[in-house]
Number of protein chains: 2
Amino acid sequence: MREVAIIGIGQTVVDEHWDKSLRELGGEAVLAALKDANREIVDGIFVGNMMSGILSHQESLGALIADWVGMRGVEAFKVEGACGSGAAALRLGMMAVSSGEMDSAVVLGVEKMTESLPIETTAALATAADADFESAQGLSFVAINALVMRRYLHEYGWKHTDFAPFSINAHANAVHNPFARLRETVNEKDYHNARMIADPINLLDASPTGDGAAAVVIVPAEMLRFNGGRIITIAGSGAATDSLAVHDRHDPLWLSAAELSAKKAYKQAGVGPEDIDVFELHDAFSIMSALSLEACGFAERGQGPRLGLDGDILPKGRIPICTRGGLKARGHPVGATGIYQIVEVVQQLRGEAGPTQVDGAKIGMAQNIGGSGALIVAHILKVN
Amino acid sequence: MREVAIIGIGQTVVDEHWDKSLRELGGEAVLAALKDANREIVDGIFVGNMMSGILSHQESLGALIADWVGMRGVEAFKVEGACGSGAAALRLGMMAVSSGEMDSAVVLGVEKMTESLPIETTAALATAADADFESAQGLSFVAINALVMRRYLHEYGWKHTDFAPFSINAHANAVHNPFARLRETVNEKDYHNARMIADPINLLDASPTGDGAAAVVIVPAEMLRFNGGRIITIAGSGAATDSLAVHDRHDPLWLSAAELSAKKAYKQAGVGPEDIDVFELHDAFSIMSALSLEACGFAERGQGPRLGLDGDILPKGRIPICTRGGLKARGHPVGATGIYQIVEVVQQLRGEAGPTQVDGAKIGMAQNIGGSGALIVAHILKVN
């Protein structure tokens, strides 16, 4: 098995890109990543995307993007794992390069969500949940997360405002990220006064949707060794599933697929939670930040909010999260999010994260969640 | 790179399965394949599917299937490449096992198309084409193929009835396949009198949709060697793309992605067209049979129909195609089709194809087409 390195990154700002079609948006990120990698062509293209068929009436995304970026002929596939589609595409791309079938690949995450009516987007997002046992009952995706958060508050005795630091940190960091959707700070008062969406989830607990695309170029690490210099490798990679419907879980307050995927990635990378310098987690809702920190070994069960209250999650804290704004403030174009996270970890490991740079970051983790924890993919990147 | 073997196959009959949900249908094929392989669990699940999000309001298919078949926790992904989704999933699954990241995997193709209104299914199928430049102009998928067939008749001087043998052969073979949707013979008169769909494509030029699922279990071949006995390996695998929109092609009558993917597979397997004993091609429309035979080296350019007229495509012919009914008569549940083809080639190589068994079949090819030739994936299987 060949180790795989990331040699190029590209992204578009997360926004309402009404002037750009799906292919233009995705193409922009791919071309930026190729330019960053100083490459013109690769052997394969992997497109992480969730809802182009529903919202843009367009499938065949692999061929669409390959042709648009000038690589007609090159093999190309779409990978879907709901909001975890981006990291899922990276994992499959990584295995393709690792296997020797490809010597290079681009992994793109792209999603276009803002050209549809909000009700259409909400319905499309609900396809991430169990269509027969959740969505069919009228449960939207935010409603499912609201039930989980309500139960969490009850079970572990936290107040809603104890989750404020997650939102405040994400927004503070996004101010310095030119690709973020919400580049504005918020404070405790804003959080307290934010409009309710699905009790107890308010506007500042929830990540905004958006149109966006992010891409990385991967090659076998062995091809770079002779150059000397810094190499960023995918040192660990793991994925796991859980039941789609939250009510089917043994414990609805424990992301077992997050735990399992992180453990696989830790084992492969030969590290533990204590070695992670920066952690781009999947804060689609603030409750997911707490659950992710717990499942990945950074906090005891039920104690996730403590890391926010203690400042551990800040760029200078013990386990910095959402250093470029996270889903909450960078934005959450669902199928693209997993690759935005990878791009952001690479920025940290390159020392290119600006005012929110984590000092001396050498090992970073990204974890991307599909559905309410149904498919979770973790990657650990290392500077070698 | 580890060679990959297919050790189990499973399928459901292609039909209107109104009594089975998407997960039940997919689960049935997976469990049948696991039983055939004498396995209970694998390391990963790959689901080829095109339109579950649109027609069943269900994405997250990987996690959905993993949980349903009793493998909650195991990593699982959906792969999309329009009607080529099945073979695309196999190619990615093969690379995952080949890389060493997984020691076993199930690759499932599943599609549920008959619970929706026909207009909804037609619209969903159109997402395989270029949404901006084809579908938005009102071109349905069959209309695009009709334009190609009309041009082909004009360019090479064939009569419409010269395509009858493709349909007649497929139907004759399906009679002996218990999993086929249309188990009835047709003759030249039927073909001549068939109802027109999109001139010149009539009902007997076109494959029927349907609900269906097919699955295979794959492992590294090295794990089987010590057992002795017959092993069926994926000796060659290749994929390639072309422009999504047919009008963008250099030659709309040449499937360059079919040529490219077949050449890659031939090269990897160390064989040529003359070595292929059976070829399960993608006869979504009879014109595609002709184009596939030409692009893969079995006929000269513009001479595909000759192989039908000369009887070369029959089970006892020079290059038997659609030996279990093909898309035309087995049925075409789009995302599942690529795996049905693989299952059928395995049946031939095992000598389990009944009255349509190809004598002494040792090397078989399957080629699955996404869109009007936009993503094409070829696999060559060998008995070792």
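Predicted model: local features only at pLDDT ≥ 70, side-chain atom pairs only at ≥ 80, totals over all residues.
1. The place to begin is the largest nonpolar core, which has 299 residues, and in which A:Ile45, A:Leu108, B:Ile45 and B:Leu108 touch the most other members. A nonpolar core here is a set of buried Ala, Val, Leu, Ile, Met, Phe, Trp, Tyr and Cys residues joined through C-beta atoms within 7 Å. A residue is buried if 20 or more other C-beta atoms lie within 10 Å of its own, exposed if 12 or fewer, and partly exposed in between, with C-beta atoms placed from the backbone. Leaving aside neighbours within four places in sequence, A:Ile45 is in contact (C-beta atoms, placed from the backbone, within 7 Å) with A:Gly62, A:Ile65, A:Ala66, A:Met71, A:Val74, A:Ala76, A:Ala105, A:Val106 and A:Leu108.

2. Residues are numbered from 1 along each chain as its sequence is written, while chains are lettered from A and ligands numbered from 1 in the order in which they are written.

3. Chain A contains 13 helices and 11 strands, these being DSSP runs numbered from the N terminus (helices H or I, at least four residues; strands E, at least two). Its C-alpha trace spans about 55 × 45 × 40 Å along the principal axes, and 66% of its 384 residues count as buried. Among contacts in chain A between residues at least 6 apart in sequence, 77% join residues at least 24 apart.

4. The two chains can be superposed, chain B on chain A, with an RMSD of 0.0 Å by a turn of 180° and a shift of 0.0 Å along the axis, using least squares on the C-alpha atoms of residues with pLDDT of at least 70 in both. This is the relation of a two-fold axis, and in chain B the C-alpha nearest that axis belongs to B:Ser99, 1.9 Å from it.

5. At the interface, 51 residues of chain B are in contact with 51 residues of chain A. On the chain B side, α2 (52-55), α3 (61-68), β3 (75-80), α4 (85-99) and β8 (232-241) each supply at least two residues. Because 100% of the interface residues of chain B are also interface residues in chain A, the copies meet through the same surface. Strand β3 (residues 75-80) of chain A pairs with β3(B) in the antiparallel sense over 3 bridges, where pairing requires at least two DSSP bridges between the strands, and A:Val79 has B:Val79 as its bridge partner.

6. Strand β10 (residues 363-370) of chain A deserves a separate look: 8 of its 8 residues are buried, so it is largely enclosed by the rest of the structure. A:Ile363, A:Met365, A:Gln367 and A:Ile369 point one way from β10(A), with A:Gly364, A:Ala366, A:Asn368 and A:Gly370 pointing the other way. Strand β9 (residues 278-280) runs parallel to β10(A) and is joined to it by 3 bridges, whereas strand β11 (residues 375-383) of chain A pairs with β10(A) in the antiparallel sense over 8 bridges. A:Met365 stands opposite A:Phe279 and also opposite A:Ile380 in β11(A). The hairpin of β10(A) and β11(A) has 4 residues between the strands, and there A:Gly371 takes a positive phi near 65°.

7. Helix α7 (residues 164-174) of chain A is mostly covered, with 11 of its 11 residues buried; among them are A:Phe166, A:Ile168 and A:His171. What covers these buried residues includes α8 (188-193), α10 (286-295), α11 (304-309) and α12 (326-330) of chain A.

Notes: Contact = placed C-beta atoms within 7 Å.
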